[in-house]
Amino acid sequence: FNHTQLVPEKAMREWLDPVTQGALHILNNGVVVAIENRISVHALDLTSGKSIGEWRLPHEDVEWRHICGGGASLFILGSRKGEARLYRFQMPKSVQEWRGDEDQGSALHRKLEI
């Protein structure tokens, strides 16, 4: 154990392309949402790594870069013709209603305390 470096606790899944900064977000209910291959959003359970779903993003001419979410919305920053634009999408119902492990939220907060 090294107190000077952050190291991964586990691998959730193997990505075909590297996950870029801002392309991952952990929601309050323990769901990880990620921009995958710059064309879709993938949702995974934080503790089990189980896939909850994947949704293709619209506008093939948009380069999707950053994602965050809360409540009933996902916000994704994209670049189109050199202009940055913020898009708002309805949170998929399966992601909103995901419960997974009941203790996952408190475990997440314990792990992130430094």
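Here are some worked exercises on the predicted model above.

**Before you start**

Residues are numbered from 1 along each chain as its sequence is written, and side-chain values use heavy atoms, with hydrogens and water left out. Because this is a predicted model, local features need pLDDT of at least 70 and side-chain atom pairs count only at pLDDT 80 or more, while totals for chains, interfaces and linings use all residues.

**Exercise 1. Find which stretch of the chain has pLDDT under 50.**

Step 1. Recall that pLDDT is the predictor's confidence in each residue, from 0 to 100. The chain averages 81, and 74% of the residues score at least 70.

Step 2. Look at residues 103-114: pLDDT stays under 50 there, and the model has nine contacts for them beyond four places in sequence. A contact means heavy atoms within 4.5 Å.

Step 3. Where pLDDT is low, the predicted coordinates should not be read in detail.

**Exercise 2. Work out the strand order of the open sheet of four strands, and say which strands stand at the edges.**

Step 1. List the elements. The chain has two helices and seven strands, running β-β-β-β-β-β-β-α-α from the N terminus. Both kinds are DSSP runs numbered from the N terminus: helices are H or I with at least four residues, strands E with at least two.

Step 2. Trace the pairing, where two strands pair if DSSP finds at least two bridges between them. β2 and β3 are antiparallel over six bridges, and β3 (residues 40-45) joins β4 in the antiparallel sense over five bridges. The sheet order is β1-β2-β3-β4.

Step 3. Find the edges. β1 (24-26) and β4 (51-56) each have a single partner strand, so one side of each is left without a neighbour in the sheet.

**Exercise 3. Describe β3: are its residues buried or exposed, and what stands opposite them?**

Step 1. Check the cover. Six of the six residues in β3 are buried; buried means under 20% relative accessible area, exposed over 50%, and partly exposed in between (1.4 Å probe, protein chains only).

Step 2. Sort the directions. In a regular strand the side chains alternate between the two faces of the sheet. Here Ser40, His42 and Leu44 point one way, and Val41, Ala43 and Asp45 the other way.

Step 3. Name the partners. Leu44 has Val32 opposite it and Ser51 of β4 as a bridge partner, while His42 stands opposite Glu54 in β4.

**Exercise 4. Compare the turns on either side of β3 by their positive phi values.**

Step 1. Take the hairpin of β2 and β3, with three residues between the strands. Arg38, in the loop between β2 and β3, has a positive phi of about 60° although it is not a glycine.

Step 2. Asn37 is partly exposed at a relative accessible area of 34%, and Arg38 is partly exposed at 33%.

Step 3. Turn to the hairpin of β3 and β4, with five residues between them, where Gly49 has a positive phi of about 80°.

**Exercise 5. Which residues touch the most other members of the largest nonpolar core?**

Step 1. Such a core is a set of buried Ala, Val, Leu, Ile, Met, Phe, Trp, Tyr and Cys residues joined through side-chain atoms within 4.5 Å.

Step 2. Of its 18 residues, Val31, Val33, Val41, Trp64, Ile67, Ile76 and Val95 touch the most other members. β2 (31-36), β3, β5 (62-70) and β6 (73-80) each supply at least two core residues.
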